[in-house]
Amino acid sequence: MGAFFDGLISWSIHNRVVVLLGAAALVAAGVWSAMHASLDVLPDFTPPFVVVQTEATGMATLDVEQLVTRPLEQVLLGTPQTTAVRSTSTPGLSVVSLFFDERVDAYRARQLVTERLQLAQTRLPQTIGAPQLMPIVAPIGALLRVCLTSNDPNQDQALRDLRTFADWTMRPRLLAVPGVAQVMSLGGFVERVEVRPDPTRLRQRGVLIVDLVNAVRSSQSLTGAGFTETASARLDVQNDARLRLEDAVGTLTNTAIPSTSATASASAWSEGRSRIVATRTASRRPARVTIGDVADVVPGVEPPVGAALYDGRPAVFVQVNKLPGADTVAVTRQVEHAIEDLKGYLPSGSRIEPPVFRQATFVETSVRSVGRAMLIGSILVILILVSFLRYGRLAVISLTAIPLSILTAGAVLIAFGASINGMTLGGLAIAVGEVVDDAIVDVENVWRRLRENTTRRDPLPALDVVRAASREIRGSVVYATVIVAIVLIPVLLLGGIAGRIFAPLAHAYILAISASLLVALTVTPALCAWLLPPLATREPRLSRLSVWMLDRYRRLLIRVVDRPRLVFAVIGILAALAIVALPFIGGRFLPEFHETSLVGHLVAVPGISLAESTRLAAAVDGQLRASGVASHTHASIGRADLSEDAAPVNSIEFNVVLKNPTGE
């Protein structure tokens with residue numbers, strides 16, 4: 001291995017132009033990769049998982065658990081490579097989550113679950129909807145949360161219009177944005193048409209309830225009418241019987257109930273008095289009976305499963321989720337641009353409020369903070385080098401290791417599919433002070449050997465001196481880098497969520513110091529061979545700071561050598577104090593971030609009504625805004641459609657937009 005490194009050093013010195021051009025290409029590649037890399041808060045820390053959601057409208061929690069969730073669990077438990085199966089049952093909803101081995105592809109997992117769900121169809125009640133797979137979303141999937149409000153005094157109609165706008169105009173437009181996985185709506189009222197049978201009128205006209213159900217169902221089922229031909233054209237026949245919300249009430253009211261249904265149903269009854277009564281009733285039925293003759297057709301709304309408030313006012317809440325690996329900042333900008341375009345289509349008197357949660361702001365703040373830390377670290381390194389190295393050339397050669405190592409590590413990470421996130425940037429920030437060590441050691445040794453060579457009677461060629469000096473410290477540089485990399489191996493071996501979060505930090509750090517080793521063995525010798533030989537002939541001069549520190553260190557060293565017992569005693573006392581203080585040092589799983597918003601949860605007593613939960617949320621919302629901490633507040637009560645969180649109506653979530661995000 002030593003011969004390989006020695007050959008690499010020699011090749012780099014003799015081909016220094018090629019090496020420097022390659023270094024410039026690496027810098028360009030690193031900058032290009034950083035500009036086109038996806039930004040995220042944290043790395044993807046969740047294993048592959050699939051969420052199965054089943055709507056069971058009208059069922060109580062116990063019925064959902066026994067009739068829906070358990071049959072689904074029994075079928076899905078045998079799915080290959082599954083590590084855990086979790087389920088939640090709430091009124092009208094069943095959610096089953098399957099977690100897979102980390103090596104399983106997410107789309108492969110969804111295929112396995114889909115195949116299993118086909119076996120569950122016969123075990124589920126016919127009155128519930130088909131189980132659905134929720135879209136694939138990122139671990140921190142909430143990309144943007146906005147609220148739609150209205151100044152219309154007729155709040156009920158305004159909430160209907162806002163929900164219709166969110167479901168039929170806003171949602172399709174936002175789903176068309178690349179990188180968006182899901183758009184959920186909460187609050188408002190979902191409009192529908194209700195057919196309310198009147199038992200008295202049904203009996204008077206001899207209509208059975210099954211006849212009414214079949215008539216309503218057939219009014220919405222269309223069949224192709226084919227085409228008609230003329231001498232020179234073929235014309236398609238368009239069926240205009242489709243129901244539209246604006247005229248559905250009148251259309252259904254005038255829809256006829258087929259007269260054959262009652263007679264056929266009556267003839268199928270058992271022998272006896274019931275059959276006679278049914279036949280007589282059918283015989284007295286008028287020639288044409290419409291749905292309006294036996295039932296009231298009125299506009300209505302679906303029973304709400306949740307509600308939303310914005311600054312204490314009723315609102316419609318819209319949450320946009322992103323796909324895994326999507327660039328948070330880029331997708332957010334596209335979503336915001338689409339929302340700006342949608343403002344012209346809002347119902348009269350309505351508006352889209354500023355976001356109550358914007359993940360891109362958190363990402364930008366995190367990246368800016370870590371970038372600031374890297375900049376400060378780099379400036380400190382530059383100041384130290386300039387202060388101790390009298391000549392600018394020595395500092396320049398050493399400092400080239402910082403951008404080369406950091407950008408090379410970043411390019412490698414991005415090439416293997418990693419994103420720029422807080423953990424990756426944290427690893428690179430920690431490595432800023434480490435990546436210059438190898439280059440400094442090489443530069444100092446080369447400069448010292450070149451100065452010694454100038455005092456010889458028969459000086460050697462400068463390139464031979466540079467080569468020999470670089471080979472001399474080659475072992476120390478390689479071993480030091482390997483030792484530092486070994487220290488971080490336990491971080492790479494962490495399992496579970498902790499391993500998936502912190503492993504990218506270790507990857508970034510190890511790649512950065514490995515890149516610094518490569519720079520020290522190639523670029524640094526090439527720059528030394530180019531810049532240092534002319535400098536070696538000058539009289540060496542130490543900086544004033546170096547002279548001052550050398551003098552102080554010489555005096556301290558003399559005192560320490562003369563008093564070894566005192567030194568050991570002081571070191572032992574300090575070590576004991578550190579061990580005693582260790583249990584009192586607080587710890588966090590992740591560093592503290594300066595969030596622009598806070599999320600709080602409130603759980604009311606079970607069995608509370610949606611109206612009472614909304615009243616409770618409004619009361620807490622008013623207290624939050626009165627405290628002066630929040631600029632805006634949003635409250636979500638219950639669950640949203642297509643939400644993976646099967647929250648009952650007694651669950652309330654608050655999003656608080658802080659007035660002073662960086663304050664205590």
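Close-up 1. At 36% relative accessibility, Glu452 counts as partly exposed (buried is under 20% relative accessible area, exposed over 50%, partly exposed in between, with a 1.4 Å probe and protein chains only). Arg448 is partly exposed too, at 34%. Glu452 and Arg448 form a salt bridge, with their closest N and O atoms 3.4 Å apart; the term stands for a side-chain nitrogen of Lys or Arg within 4 Å of a carboxyl oxygen of Asp or Glu. Because they sit four residues apart in helix H17 (residues 435-454), about one helical turn separates them. Helices (H or I, at least four residues) and strands (E, at least two) are DSSP runs, numbered from the N terminus.

A note that goes with every view: this is a predicted model, where local features need pLDDT of at least 70 and side-chain atom pairs count only at pLDDT 80 or more, while totals for chains, interfaces and linings use all residues. Residues are numbered from 1 along each chain as its sequence is written, and side-chain values use heavy atoms, leaving out hydrogens and water.

Close-up 2. Arg145 belongs to strand E5 (residues 142-150) and Glu653 to strand E20 (residues 651-658), so the pair ties together parts that are 508 residues apart in sequence. Both residues are buried. The count of salt bridges comes to 28.

**Close-up 3. Arg196 with Glu194.** This salt bridge has an N to O distance of 2.7 Å.

**Close-up 4. A salt-bridge network.** Arg333, Glu336, Arg358 and Glu364 are linked together by salt bridges.

**Close-up 5. Two loop residues with positive phi.** Gln81, not a glycine, has a phi of about 65°. You will find Gln81 in the loop between helix H3 (61-76) and strand E2 (82-90), partly exposed at 49% relative accessibility. Asp311, also not a glycine, has a phi of about 50°. Asp311 sits in the loop between strand E13 (306-310) and strand E14 (313-314), and counts as buried at 18%.
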